[in-house]
Amino acid sequence: GFIVLRFESSGGSDLDFGRGGGIFLSELGGLTAALAIQTDGKIVVATNRGGDFSLTRLQPNGEIDLAFGQDGIASVSIFDFGFPAPFHASLLAFNC
């Protein structure tokens, strides 16, 4: 799993984010490839594991955005594109 933390501009934990400043994404595994913050404050976390590339979107308060993908997660297998594993994916652009 992954932990996503948010900090205040002062460097302290943002205690209003997730549970006391962070959220544990237990359903994800592998490597975090990228993180992006949308203009509406939603957070997109890109991960890869084996042959899967996944995006998880969080609300600005750290809750999983259940309206995104399947219960907050959108995944695709790189094998669908003919790429070999292992690989390292990056989130180049995300616009919703």
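1. A salt bridge here is a side-chain nitrogen of Lys or Arg within 4 Å of a carboxyl oxygen of Asp or Glu. Going by that rule, you'll find three salt bridges. In general, side chains of opposite charge can pair when their charged atoms come close.

2. A quick word on the source: this is a predicted model, where local features need pLDDT of at least 70, side-chain atom pairs count only at pLDDT 80 or more, and totals for chains, interfaces and linings use all residues. Residues are numbered from 1 along each chain as its sequence is written, and side-chain values use heavy atoms, with hydrogens and water left out.

3. Start with Asp14 and Arg6, whose salt bridge has its closest N and O atoms 2.8 Å apart. Asp14 is buried at 9% relative accessible area, while Arg6 is partly exposed at 27%. (Buried means under 20% relative accessible area, exposed over 50%, and partly exposed in between, using a 1.4 Å probe and protein chains only.)

4. Next, have a look at Asp65 and Lys42, a salt bridge with 3.3 Å between the closest N and O atoms. This pair links distant parts of the chain, 23 residues apart: Asp65 lies in the loop between β5 (52-58) and β6 (73-77), and Lys42 in the loop between β3 (31-37) and β4 (43-49). Strands are DSSP runs (E, at least two residues), numbered from the N terminus. Asp65 is buried, at 2%, and Lys42 is buried too, at 18%.

5. Arg57 also forms a salt bridge with Asp65, the closest N and O atoms being 2.8 Å apart. Arg57 is buried, with 8% relative accessible area. Through shared partners, salt bridges join Lys42, Arg57 and Asp65 into one network.

Technical notes: Helix = DSSP H or I, 4+ residues; strand = E, 2+ residues; numbered from the N terminus.
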